[in-house]
Amino acid sequence: MSISIGKRILLGFVAITVVIVALGLYALDQISAVRDNMNTIVKRDLTVARQLDDLGNKARDMGLLRRNAVMAALMRNRPEAELIQIVETWRRMGQEADALFGEVVRTANGYSATAPAPARAAAWKKLAETAEAAAGDFRQLRAVSEPQFTAIAARDAEAIEARNEPINRMQEVLLADIERTREALDAGIAAGQQRAAEIYDRSLWSVILTLAASVLLSILITALIRRGVVKPLEDVMQFAERVGGGDLSGTLATKGDDEIARLGRTLNGMVAGLADLARTNRAATADLNAAAAEIRASAQEQAASVEEQFAAVQETAATVDEITHSGAQIGKRAGEVIATAQSTAQTSRAGLRAVADTAKAMEAIREQAEAVAGNIVALSEKTQAIGDIITTVNDISERTHLLALNAAIEAAAAGDSGRSFAVVASEMKLLADQAKAATGQVRTILGEIQRGINTSVMLTEEAVKRAAAGKARSDTTQRTIEEITARVEESVQTFQQIVASTNQQQLGIEQVMGALQNIRQASQQTAAGTREVEAASANLTELAQALMTLAERYRH
Amino acid sequence: MNGAAEAARRRALREARTRALAGRDRTARQRVTLRSFLVCACGEDRYGLPLAQVAQVLPARPVTAVPDAPDALLGVVALSGRVVSLLGLARALGRPGAAEPGAGHIVVLRGGAAAVALAVDRVEGVVAIAASDPDLPNATESLLDPAVAGLGPGAVSGYAPAGTHAGDGFVAVDLPRLLRRYLS
């Protein structure tokens with residue numbers, strides 16, 4: 001059996017399709033027969049019913065015309081022309097109704113001859129007979145009514161009244177005839193409905209039988225296809241189940257050239273590829289497991305470092321807070337220093353005035369000392385004059401000394417006579433010596449005085465120098481104090497700048513605090529993200545281990 | 001100079017004067033033979049020249065040097081129209097020379113063959129002292145013999161010990177013996 005599965009299935013499909021198409025065509029034929037029958041019945045019934053309606057209407061109109069003519073004749077004030085017109089109309093309608101009766105009879109007879117069902121033919125025959133009877137009654141009514149119209153034309157009231165009753169009776173007889181004709185038509189319609197029901201039942205049964213035959217045929221074809229297709233497929237499915245269970249070692253026997261054999265070869269290739277894939281997968285899963293473990297370790301490290309970062313940010317925030325406090329203290333201290341420096345500047349201005357006074361006093365002292373020095377110099381000159389006088393006195397005493405000695409010598413030369421003179425000479429010498437000694441003492445004292453004067457001069461000069469030095473130092477001090485004042489004022493400005501800078505620094509530090517807050521939030525978010533990464537890596541590790549277990553399932 | 005020292009000095013001056021005036025009568029009444037000496041100072045030494053041989057005392061004056069003269073001969077000076085040889089006393093006695101020439105005093109000697117003057121630093125005064133008594137060789141108030149005083153022979157004729165006169169003791173110079181060396 002070398003027909004391929006595709007061809008087998010195609011064969012079965014074609015057979016079933018042919019059966020279904022034949023069934024459909026038969027059903028359509030039956031439906032068309034039913035529809036033709038129904039059309040015929042309905043068209044005929046409706047034609048006769050419309051003719052009967054016209055007939056009834058004309059009968060009633062003729063009655064109404066007659067009554068109008070009677071009333072017009074009785075009222076006597078109507079013109080003659082109108083009366084004549086009504087009569088004319090009545091007569092024309094009477095002719096039309098007569099023709100209509102004839103047509104109904106002809107039509108019913110024709111339908112009776114062509115009806116396929118005998119029940120319908122009998123119904124039409126009865127209708128024709130009834131219509132024939134109604135036509136006879138109508139002719140009698142016309143004949144009875146004609147004398148009344150003659151009386152109407154003559155305006156004979158009594159004659160008109162006399163004819164009314166038989167005419168009315170005849171009218172009712174006519175209406176009853178028409179009603180009977182309708183009933184005959186209804187019987188025909190009922191016969192038509194019964195005929196249609198018969199045709200429907202016949203078609204139904206034939207269609208059901210054909211359907212059952214096609215179902216049987218389909219079951220047969222399906223069983224055939226199943227035996228040729230599903231059996232080899234079950235072998236393949238068992239092999240696929242073994243492969244699904246993880247056994248990649250077996251192969252499928254392939255013989256022939258149909259689709260199953262090709263499927264088996266394809267499955268063998270697929271299993272070989274799967275075994276290769278499983279080996280690769282196992283190795284890759286091991287790598288994945290290791291990588292997931294590394295990711296988890298690094299995520300934990302990152303979490304730790306994020307914690308450290310968070311702690312560092314906290315410390316930084318604390319430090320910045322301390323900086324803020326210390327900056328505030330700097331500002332406060334700088335304010336105090338400014339106050340102190342301002343009081344220092346006032347003090348140094350007072351010191352400046354005091355130093356200026358001191359310089360003036362020093363200048364006065366120097367002038368006084370110079371005056372003293374001048375006086376002392378004059379005194380020194382006076383002592384010089386005294387020294388000259390003393391020199392003179394000393395010279396005189398020296399000469400007196402020599403004179404006394406010469407006198408003593410002369411007295412000794414004079415012998416005894418000069419003895420008393422020798423005494424005088426001795427006394428003279430004594431006086432001269434005493435004068436000389438006194439002069440020496442005066443000279444000594446004068447030397448001491450001159451040394452004192454010199455010392456005084458030197459001291460005075462020293463005092464003048466010192467006064468000048470004091471003046472210079474006072475000037476230096478003044479300049480120094482001025483510099484100090486300037487520096488202090490500069491310091492005040494500097495400290496005011498420091499205060500301003502510190503305020504700006506405070507603002508900057510507040511911004512830094514805000515930034516640190518952002519950093520802290522960011523690091524918290526980072527910590528949360530890191531925890532998520534850690535959890536994800538843990539999941540990844542579990543997944544990798546599950547994958548390892550899965551990969552272990554495949555034997556090859 | 002305080003007042004106390006001034007008062008002490010004046011008192012000492014008055015006492016010396018009083019003692020001198022009191023000794024005036026005693027000297028006049030003395031019967032012992034007295035020899036007067038002119039006491040001169042040369043450097044640290046004091047020499048007594050016999051007053052009888054002294055003619056005049058003069059202040060120093062310019063000296064004209066003499067060529068090829070002995071060491072002690074300072075030169076010649078003009079005195080009252082005479083040319084007088086000027087000897088340095090200390091040099092003549094072999095003592096260190098006096099201070100600069102032109103200062104000090106000149107003692108003009110009397111008599112002798114030639115006119116001689118002695119240059120001394122200063123003529124201090126006239127002292128009268130008793131001649132040496134053989135009976136009282138160790139009397140403190142008289143001129144001592146050179147042998148007794150322990151001095152060597154030479155131009156020294158005696159030694160006046162200190163303490164007896166105003167001032168220190170002095171060496172009495174034998175002028176003829178001294179000048180003999182330069183006048184022979």
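A: Let's start with the background. In chain A, residues 24 or more positions apart account for 84% of the contacts with a separation of 6 or more; two residues are in contact if their C-beta atoms, placed from the backbone, lie within 7 Å. Keep in mind that this is a predicted model: local features need a pLDDT of at least 70 and side-chain atom pairs count only at pLDDT 80 or more, while totals for chains, interfaces and linings use all residues. As for names, residues are numbered from 1 along each chain as its sequence is written, and chains are lettered from A and ligands numbered from 1 in the order in which they are written.

Chain A has six helices and zero strands; helices (H or I, at least four residues) and strands (E, at least two) are DSSP runs, numbered from the N terminus. Of its 556 residues, 16% count as buried. A residue is buried if 20 or more other C-beta atoms lie within 10 Å of its own, exposed if 12 or fewer, and partly exposed in between, with C-beta atoms placed from the backbone.

How far can you trust all this? The predictor gives the complex an ipTM of 0.75 and a pTM of 0.40. Chain B averages a pLDDT of 76, and 68% of the residues score at least 70; pLDDT is the predictor's confidence in each residue, from 0 to 100. Where pLDDT is low, the predicted coordinates should not be read in detail.

Now for the close look: strand β3 of chain B, and what sits around it. The contact between the chains takes 15 residues from chain B and 12 residues from chain A. On chain B's side, the elements giving two or more residues are α1 (3–29), β3 (54–59) and β8 (122–130). The largest share, four residues, comes from β3(B). By type, chain B's side divides into 10 nonpolar, four polar and one charged; Ala, Val, Leu, Ile, Met, Phe, Trp, Tyr, Cys and Pro count as nonpolar, Asp, Glu, Lys and Arg as charged, and the others, Gly among them, as polar.

Next, the sheet. β3 belongs to an open sheet of five strands in chain B, ordered β3-β6-β7-β5-β4 with mixed pairing; two strands pair if DSSP finds at least two bridges between them. β3 and β4 (73–79) of chain B stand at the edges with a single partner strand each, so one side of each is left without a neighbour in the sheet. Neighbouring strands here are turned by 30 degrees against each other on average, direction ignored. Further in, β5 (residues 82–88) and β7 (residues 116–120) of chain B pair in the parallel sense over four bridges, and Gly88(B) has Ala119(B) as its bridge partner in β7(B).

What lies across the sheet from the other chain? α5(A) lies across β3 and β6 (105–109) of chain B, running at about 175 degrees to β3(B). Axes are lines fitted to C-alpha atoms, for helices over the stretch in contact, and angles run from 0 to 180 degrees between N-to-C directions.

Zoom in on Gln56(B), which lies in β3 of chain B. Gln56(B) is partly exposed, with 17 other C-beta atoms within 10 Å. Leaving aside its neighbours within four places in sequence, Gln56(B) is in contact with Asn406(A), Ile409(A) and Val108(B). The C-alpha atoms of Gln56(B) and Arg110(B), 54 residues apart along the chain, are separated by 8.2 Å.

Finally, the core. Of the 49 residues in the largest nonpolar core, Ala408(A), Leu38(B), Cys40(B), Leu89(B) and Val107(B) touch the most other members. Such a core is a set of buried Ala, Val, Leu, Ile, Met, Phe, Trp, Tyr and Cys residues joined through C-beta atoms within 7 Å. Helix α5 (residues 259–413) of chain A gives the most to this core, with seven residues. And Leu38(B)? Again leaving aside neighbours within four places in sequence, the contacts of Leu38(B) include Val54(B), Val107(B) and Val126(B).
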